[in-house]
Amino acid sequence: MLPIRAHLIKAAIRYAGTTALAVGAVCAVKTTNPIFAQRPTVNDIVKLHAQPPVEELPNTKCPRIAVIDNFIRKNKDLDQDGIHDTTHGDIVFRFLEEGLPNADIAKFDIDEDLPFLSYAERVGRQLEKLIKLIEKGEKFDVVNLSFSFNRKFTNDITPDNILSHRNAIISQLAKGDYFMRGEARCVTLIEKLHKMGVKVYIGAGNAGKGEYNVLSLAQGTITVGGLNEDGTKADFSADNTYVTRWNQSVFSITKTENGIDFTGNDIADMLYEDLSAAGENLVKELFGTSFAAPTAIIEDFKNCAP
Ligand SMILES: [Ca+2]
Ligand SMILES: [Ca+2]
């Protein structure tokens, strides 16, 4: 057992590191900030016809969606003046709000438990909160998880054979340190949600083919890989047997009359007055599998009835 102060410091350091991996990696804004990974330039051509068929839900009632993300601590600077303009969660939320105007979308804020809990612990607490609400009779149809806990593939575990290592990886995490146990707990909670009938969509992660998102190990989830605007696979996207869907994950940011559009429909998603530099020096695009997850949800429920 670490002395409490040392333990808290370790937690804080890990928190920062994991945030860079998890939030920064899943949703990156094109910027010079070194926290964000460089975008690779080589693409694989995606055989779109080879993708699993999109579930057609034409007569479905519009879903109630839980977005588990950060909504308090602003962490995205869209006009590059060094001042954050919005949160990762609010950007993800905006995709869903605009894409599914008749859906009921609820925010579950992992920033509630800042500052000393690990990232996985904070995600786990929100998953638990959601489960408790459902147990009390509230109805949720969909969960959006636009973040990842990335692990590297090793010699034994490859993108092609990871399915057969699933149980071993989870049990190793469950026996690991505080942070690993937090991740294993998230997997268990996500599986519980799946068993309760909730569809869980997860961003595949932005560390490329060499890493996988631990959350994807949860059975029954829909892990969404990232496509470029032209439909080719984005090189930053994870790509392994757990990635069962592919959706757009790169979106140009453009100016409209009263604000900026980042969802690609020329309708403002943020007003100029809400950007610290009024949108003067805009980043060119949003990219990350963070946006592939809500895009997949929108695709699956686009014909829903209010
Ligand atoms: Ca700014
Ligand atoms: Ca828009």
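Is the crossing of H2 and H6 right-handed or left-handed? It is right-handed in this predicted model. The close-ups below start with that crossing.

**View 1. Helix H2 packs against helix H6.** H2 covers residues 88-99, and H6 covers residues 289-301. Their axes lie 9 Å apart, at an angle of about 20°. The two helices are therefore roughly parallel. The crossing of H2 and H6 is right-handed.

**View 2. Residues in the contact of H2 with H6.** H2 supplies His 88, Val 92, Phe 95, Leu 96 and Gly 99. H6 supplies Ser 290, Phe 291, Pro 294, Thr 295, Ile 297 and Ile 298. By class, seven residues of this contact are nonpolar and four are polar. None is charged.

**View 3. Strand S9 beside strand S8.** S8 spans residues 222-227, and S9 spans residues 243-248. The two strands run parallel and are joined by five bridges. Thr 223 sits opposite Val 243 of S9. S9 is mostly covered, with five of its six residues buried.

**View 4. An open sheet of three strands.** The strand order is S11-S12-S13, and the pairing is antiparallel. S11 (254-255) and S13 (270-271) are the edge strands. Each has a single partner strand, so one side of each lacks a neighbour in the sheet.

**View 5. The pairing of S12 with S13.** S12 comprises residues 259-261. Two bridges link S12 to S13 in the antiparallel sense. Gly 259 stands across from Leu 271 of S13.

Methods. Residues are numbered from 1 along each chain as its sequence is written. Chains are lettered from A and ligands numbered from 1 in the order in which they are written. This is a predicted model: local features need pLDDT of at least 70, side-chain atom pairs count only at pLDDT 80 or more; totals for chains, interfaces and linings use all residues. Axes are lines fitted to C-alpha atoms, for helices over the stretch in contact, and angles run from 0 to 180 degrees between N-to-C directions. Helices (H or I, at least four residues) and strands (E, at least two) are DSSP runs, numbered from the N terminus. Angles under 35 degrees count as roughly parallel, over 145 as roughly antiparallel, 65 to 115 as roughly perpendicular and the rest as oblique. A crossing is left-handed if the near helix is turned anticlockwise from the far one by less than a right angle, and right-handed if clockwise. Two residues are in contact if their C-beta atoms, placed from the backbone, lie within 7 Å. Ala, Val, Leu, Ile, Met, Phe, Trp, Tyr, Cys and Pro count as nonpolar, Asp, Glu, Lys and Arg as charged, and the others, Gly among them, as polar. A residue is buried if 20 or more other C-beta atoms lie within 10 Å of its own, exposed if 12 or fewer, and partly exposed in between; C-beta atoms are placed from the backbone. Two strands pair if DSSP finds at least two bridges between them.
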